[in-house]
Amino acid sequence: LTLLVTSMLFSVIPVKAVNPTIKIGVIGPLGLPHWSPAGMKEGAEMARDEINAAGGVNVSGVMHNIELVFGNEYAYPMPDPVGAALEVERLITVEGCEFIIGGFRTECVSAMIERAMEHQTPFFIVGASTDELISTTVPVNYMRYKYLFRVAPVNSTTLVKSLTAFHRFILEQELLLRFGGYLWPGAPTKQVRVAVLTEDLAWTAKMHALFTDSAIYPIILGPYANVTYAARIPDGITDCTPWLSAVIASKAHLLIHIFSGVTGIPLVRQYRAMEVNATLVGINVVAQLEGHWTTTGGACEYESVLDITGTRTPIIPGKTEVFWDNFVAKTGTWPIYTAFGAYDAIYLLKEAIEIAGTTEKDVLVQVLESTDRF
């Protein structure tokens with residue numbers, strides 16, 4: 001009798017229909033804060049949770065939930081392109097992901113792109129700036145690479161333009177006046193000695209060349225720059241003192257540093273400890289982290305870095321600062337650019353699917369190519 005009554009009770013309880021899902025693979029540099037807790041993983045989770053809580057993605061009148069599957073691009077401690085490609089293969093063929101977002105280290109992203117394009121799976125880059133990831137693929141072989149997009153960051157050419165605009169300003173308005181400059185034989189005007197240190201990875205190769213080629217750097221840095229020392233530092237190095245000693249020996253008053261990985265922390269610590277008499281201005285992605293002051297022991301006090309997201313800056317008023325506050329509430333820490341990128345990529349995909357009324361890839365490509373989303 002008890003079993004009969006129980007079965008009758010269950011038979012009259014309404015079962016809520018479960019929305020079908022859109023499965024998205026999120027792949028990034030596990031082991032680095034660019035992935036978690038300040039990066040891609042939490043940014044993607046925030047977008048998923050917000051969209052699902054609001055009812056999901058409307059695909060021609062049928063609501064779909066977003067489901068995320070996470071993958072490791074094997075960027076840390078050393079880039080492993082083969083492992084990265086196999087992980088994309090797993091996300092697509094084993095997990096059934098219809099879309100891929102992520103990608104941080106260029107060496108790995110290049111391999112991931114090829115595997116995704118083999119499966120005609122739309123791939124949204126949210127962490128790699130290298131121009132060639134797009135410029136040598138989509139316009140060269142459109143039918144193969146039309147499924148490839150970059151959401152964040154801006155490409156490396158744009159990074160250089162933004163950075164050098166500031167370099168030119170401080171060279172002319174600050175450093176030349178403060179240090180007097182030096183007149184080299186044949187130079188049209190007094191100049192300031194400049195040193196350049198970049199991490200020895202693919203994404204900085206073009207930047208390093210631009211900053212050190214004597215036929216190019218006077219154009220982008222201006223006539224007051226004289227690059228007297230330049231070097232590439234292997235990724236993951238914790239002792240930067242040999243390179244900083246060379247900067248000191250060069251008598252540089254401007255040190256351009258370009259780093260995305262963990263070496264950015266010991267570089268700044270040792271720069272301060274060695275009292276390098278060169279203004280430190282460049283790209284140091286880990287400087288976007290809330291704890292940068294603590295991890296460098298305050299050595300970052302006079303470091304200036306390019307940051308495409310800022311700190312709670314209302315780049316899009318009513319949106320950017322709301323995202324910032326929600327991210328901090330969720331994680332207890334500031335987001336960095338990869339969090340913005342992952343969050344935006346999922347919303348971009350949602351909106352494109354709703355406009356297209358389908359998840360069919362070729363239709364979505366046409367919608368995405370015509371988007372003007374901020």
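User: Hi! How much space lies in the largest pocket?

Analyst: Hello! In this predicted model, the largest pocket holds about 960 Å³ of space. It is lined by 29 residues, and V151, F340, D344, R373 and F374 are the closest to its centre.

User: Which elements give two or more residues to that lining?

Analyst: Those are β6 (148–150), α13 (320–331) and α14 (337–356). The largest share, 8 residues, comes from α14.

User: And how does the lining of the largest pocket divide by class?

Analyst: There are 17 nonpolar, 6 polar and 6 charged residues in the lining of the largest pocket.

User: OK, what about the second largest pocket, what volume does that have?

Analyst: The second largest pocket has a volume of about 170 Å³. Its lining is made up of F166, I170, E174, L175, R178, T279, V281, Y302 and S304. By class, that gives 5 nonpolar, 2 polar and 2 charged residues.

User: Switching topic: how many residues are in the largest nonpolar core?

Analyst: That core has 93 residues, and the ones with the most contacts inside it are I24, I101, I113, F123, F124, L221 and I346. Helix α14 gives the most to this core, with 12 residues.

User: Let's pick I113. Which residues does I113 touch?

Analyst: Leaving out residues up to four places away in sequence, I113 touches F123, I125, L133, Y145 and L148. There is also a second, separate core of 20 residues, which includes W243, L244, F259 and V268.

User: Now the rings. How many aromatic pairs does the structure hold?

Analyst: It holds 8 aromatic pairs. One of them is F323 with F327, a tilted pair at 5.9 Å centre to centre, with 45 degrees between the planes.

User: Why are F323 and F327 separated by about one helical turn?

Analyst: Because they are 4 residues apart in helix α13.

User: Are F323 and F327 buried or exposed?

Analyst: Both F323 and F327 are buried. F323 also pairs with Y343: their ring centres are 4.6 Å apart and the planes are at 55 degrees, so this pair is tilted.

User: What does the F323 and Y343 pair tie together?

Analyst: F323 lies in helix α13 and Y343 in helix α14, so the pair ties together parts that are 20 residues apart in sequence. F323 and Y343 are both buried.

User: Which residues do the ring pairs link into a cluster?

Analyst: The cluster links F323, F327, F340, Y343 and Y347.

Technical notes. Residues are numbered from 1 along each chain as its sequence is written. This is a predicted model: local features need pLDDT of at least 70, side-chain atom pairs count only at pLDDT 80 or more; totals for chains, interfaces and linings use all residues. Side-chain values use heavy atoms; hydrogens and water are left out. On a 1 Å grid over the protein atoms alone, a cavity is a set of points where a 1.4 Å probe fits but cannot get out, and a pocket is an open set with protein on both sides within 12 Å along at least five of seven lines; lining residues have an atom within 4 Å of a point. Grid points are joined across faces, edges and corners, and a volume is the space filled by probe spheres set on the points. Ala, Val, Leu, Ile, Met, Phe, Trp, Tyr, Cys and Pro count as nonpolar, Asp, Glu, Lys and Arg as charged, and the others, Gly among them, as polar. A nonpolar core is a set of buried Ala, Val, Leu, Ile, Met, Phe, Trp, Tyr and Cys residues joined through side-chain atoms within 4.5 Å. Buried means under 20% relative accessible area, exposed over 50%, partly exposed in between (1.4 Å probe, protein chains only). Contact means heavy atoms within 4.5 Å. Rings of Phe, Tyr and Trp (its six-membered ring) pair if their centres lie within 6.5 Å; planes under 30 degrees apart count as stacked, over 60 as edge-to-face and the rest as tilted.
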